[in-house]
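Please consult the structure below while reading.

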Amino acid sequence: MPIKDAKIYNDGSHFIAIPPENFTSGKHKKQPPKAITQDTKKQAFETAYKESMLLPKRERKKYIAEKLQSEFETAEQAKAYTAQNLERKKTNAAKRYTRLWRKVRLQQWNYFITFTFDGNKHTEESFRKSLSNTLKHLVSRKEWKYIGVWERGKDTERLHFHGIFVIPENGMIGTLEQITDYDTRKHRKQTTFQNTHFLNKFGRNDFKEICEKNVERSVKYLLKYIEKSGERLVYGGDLPTYIKSSILDEDIVCPTGIDDKKVILFDDFTCIDGDGVVRGKASSPEVLAQMPKAN
């Protein structure tokens, strides 16, 4: 057995295994916690960064640098600091993006759901808090999983929560009822499925079933709102980045990655847990669900 306890993720086309000797986490010496200091330059950057969200990308750098000039002796120093922190933002976003897709591709998503703020039932603050608590309880009691984002309607500024969900069999609460009404924005009738429990507690909602081929489009839909509003994704439930399995030699296609530190696996590679027990083939979602997980 050439590789024991590898971390495995799906890149959208293939399963990729990382041998344990190439794990990056834990290799760096843990640094002592830094004393909490008030970094006015960083605070000023973060404020200007949020203010510039709606500007064209080519104008954002100039806007932020001008806002930071009072923090530096020269305009050039402000520009350099801005460029450094924009690169930091770009690097962190790329890491989050990679981690997101690895989590997405290890789940069998079955619903895209939208919850809409209703001023007759909640304030915006209570809507956020109460819906978040309800979803948290469904994660712990019904094993729901989700990835979502808060956003405001383009025309109405009404607060929404959009997300992709894993709702297990027998995990649904309330009932789904088909409702036909008139979409004033699109000027046509629309048919939606609303959940009675959420309708009574929060107001309008839309439960749409999704299949594997629509998951990528749904995730890109969520990412669009992040880019527009600056909100962060909200995660709920057990959403690992990797499964862990030992790898048989015959399941390896070829090395890949920088310095060939990873290997591409066949889609139906044999899943073997930490005790050496063969669980089945990776082509089965049920088998993947049984395997040890890692982040």
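## Packing of helices α1 and α2

In this predicted model, the axes of helix α1 (residues 40-51) and helix α2 (residues 57-68) come within 9 Å and cross at roughly 140°. The two helices are therefore oblique to each other, and α1 passes α2 in a right-handed crossing.

On the α1 side, the contact involves Lys41, Ala44, Phe45, Ala48, Tyr49 and Glu51; their counterparts in α2 are Arg60, Tyr63, Ile64, Lys67 and Leu68. Classified by type, the contact of α1 with α2 contains seven nonpolar, no polar and four charged residues.

## Salt bridges between separate elements

The model has seven salt bridges. One of them joins the side chains of Glu46 and Arg88, at 3.2 Å from N to O. This pair links distant parts of the chain, since Glu46 belongs to helix α1 and Arg88 to helix α3 (residues 75-104), 42 residues apart. Arg88 is partly exposed, with a relative accessible area of 26%.

A salt bridge also connects Arg152 and Glu124, at 2.7 Å from N to O. Arg152 lies in strand β4 (residues 145-152) and Glu124 in helix α4 (residues 124-142), so the pair ties together parts that are 28 residues apart in sequence. Arg152 is partly exposed at 34% relative accessible area, and Glu124 is partly exposed at 29%.

Glu216 and Lys220 form a salt bridge whose closest N and O atoms are 3.1 Å apart. Both residues lie in helix α6 (residues 212-229), four residues apart, about one turn of the helix. Glu216 counts as partly exposed at 39% relative accessibility, as does Lys220 at 45%.

Elsewhere, salt bridges that share partners join Glu46, Arg88 and Lys89 into one network.

Notes: Residues are numbered from 1 along each chain as its sequence is written. This is a predicted model: local features need pLDDT of at least 70, side-chain atom pairs count only at pLDDT 80 or more; totals for chains, interfaces and linings use all residues. Side-chain values use heavy atoms; hydrogens and water are left out. Axes are lines fitted to C-alpha atoms, for helices over the stretch in contact, and angles run from 0 to 180 degrees between N-to-C directions. Angles under 35 degrees count as roughly parallel, over 145 as roughly antiparallel, 65 to 115 as roughly perpendicular and the rest as oblique. A crossing is left-handed if the near helix is turned anticlockwise from the far one by less than a right angle, and right-handed if clockwise. Contact means heavy atoms within 4.5 Å. Ala, Val, Leu, Ile, Met, Phe, Trp, Tyr, Cys and Pro count as nonpolar, Asp, Glu, Lys and Arg as charged, and the others, Gly among them, as polar. A salt bridge is a side-chain nitrogen of Lys or Arg within 4 Å of a carboxyl oxygen of Asp or Glu. Buried means under 20% relative accessible area, exposed over 50%, partly exposed in between (1.4 Å probe, protein chains only).
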